[in-house]
Amino acid sequence: MFSVPSQLGRAFEIPLHTGRKRLVILGSGWAAARLAHDIDCKLFDLTVISPRNHMVFTPLLASACVGTVEARSTAVPLIELQKALRQPQNYYFNSKATSIDIRAKTVECCDLTGINFTCRYDSLAVATGSQGSTFGISGVTDYAHFLREVQHTSAIRGTLLNNWNKANIPGRSRGDRLRLLHTVVVGGGPTGVEFAGELTDFINSDLKKNDYARARDMRVTLVEANEVLGSFDVRLREYAARKLHKHGVHLIQGVVKSIGPEELTLSSGEVLPYGLCVWSTGVGPTDFTTSLPFAKSAKGRLAVDDTLRVLVHPQDADSGPSTPSEVKMTADEHSDAASKEAENLISLPDVYALGDCSANIGAPLPALAQVAEQQGKYLAKQLNEQEANRNIAVKRPPFQYRHLGSMATVGGTSAVLEGPAAKGHKSLSITGFTSWLAWRSAYLTKLGTMRNRLYVAINWLTTLMFGRDISRW
């Protein structure tokens, strides 16, 4: 199944050959986790390759930054999602894929210490996700914090509380104190809005009890180029803006020009000194996906057909962007030219792409968790049925996305909820405490394991009874 350095000898190899096909999954995000959870390991041997041994429950990351929930509550272990990974014929490798050879049906991998190895597959699912998009803006990767991984929450929390403690040192200038206590959030999507709401709730509910004067000097600024929660209904956008303003968030419409170690400059020339900058402006392709010799969308995502099979160009044709820097994030994935180009592409058998790293060029879907999860569920079902009926030719139905609605908390016990639109009717829009309860209920049930549900429920109860912990470690 995989090759190892020859000096390790035969003692390293497990002489277990089940005769089943091997499914290799690259990644551990929403799509990969759902595929790994739903695949029938009585039909397939399974290998998961990812530098992360857990799925991140992203809707709770903002809460983890301020201690509403613990960081570990947002991490769902892969081995709990698919218990068959404990069996000797199935593997999880804490590594990253570096290349794919479709002729040899192998994946070249490298572990976190630099050891290279090769993994063979019968079916391959590429679900390596995306990375935070910087739009080529100077200083973003050096000075801003992204909010995509569990470790990001610890880094943000550490910087926030470190600044809180630094600001109280005698002899510090008034200007430096205010800078340290100023948090700038760039991006007005759900992640940015939820982080700003959680932070102001932390300030008003917890920090003011410890030092009212210092907490009063804390400021939160949200910078957005267009509109806050731009994908939501206009009534929900207006409600969110009002609530954020009421909780103390300063909303600025602008485009970031550059970020320095202590200040952020807008294209208008305005300079914002900050102690903490959180960057949440959308996602872009990774180095791995753009390096693959497959067809890609205008935004660098792997092109797939309506059954999620990866597409390739005819021989010697340009496959699209080969590095993230070549991708124009403002490019239109829905263009007629792209749809016409897709007609000439060839589907690869047994190689699939799903989640943020993929797009159907004819009808690209947004990079959302619910899209990725539904794709993982769909592909697992199709692979299970195909293998269970391998002697029967079965035509696969195309993947169809069903929008389940959008939710975002805006601070305190307020949230906005936009339900799916019924045929011939407008979408359901709910605001306030009712939508906040729906937000918590929905995400509590969506957590992958009973253990994580219990973690989060206890975290919420502890925060309600005793407040958030402000310890720094």
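**View 1. Helix α9 against strands β26 and β27.** In this predicted model, helix α9 (residues 234-246) lies across β26 and β27 and runs at about 10° to β27. Contact means heavy atoms within 4.5 Å; axes are lines fitted to C-alpha atoms, for helices over the stretch in contact, with angles from 0 to 180 degrees between N-to-C directions. Helices (H or I, at least four residues) and strands (E, at least two) are DSSP runs numbered from the N terminus.

**View 2. The open sheet β25-β26-β27.** Three strands pair antiparallel in this order, where pairing requires at least two DSSP bridges between two strands. Neighbouring strands are turned by 5° against each other on average, direction ignored. Strand β26 (residues 415-418) is joined to β27 by 4 bridges, and A415 stands opposite G432 in β27.

**View 3. The largest nonpolar core.** This core has 66 residues, and those with the most contacts inside it are I25, L26, I100, L124, V126 and L379. Its largest share, 6 residues, comes from helix α1 (residues 30-38). A nonpolar core is a set of buried Ala, Val, Leu, Ile, Met, Phe, Trp, Tyr and Cys residues joined through side-chain atoms within 4.5 Å; buried means under 20% relative accessible area (1.4 Å probe, protein chains only).

**View 4. Surroundings of L124.** Not counting residues up to four places away in sequence, L124 touches L23, V24, L26, I100, V107, D350, V351 and Y352.

**View 5. The second core.** A separate core of 40 residues includes V56, F202, L236 and V416.

Residues are numbered from 1 along each chain as its sequence is written, and side-chain values use heavy atoms, without hydrogens and water. Local features need pLDDT of at least 70 and side-chain atom pairs count only at pLDDT 80 or more, while totals for chains, interfaces and linings use all residues.

Key: Buried < 20%, exposed > 50% of the residue type's maximum accessible area, 1.4 Å probe, protein only.
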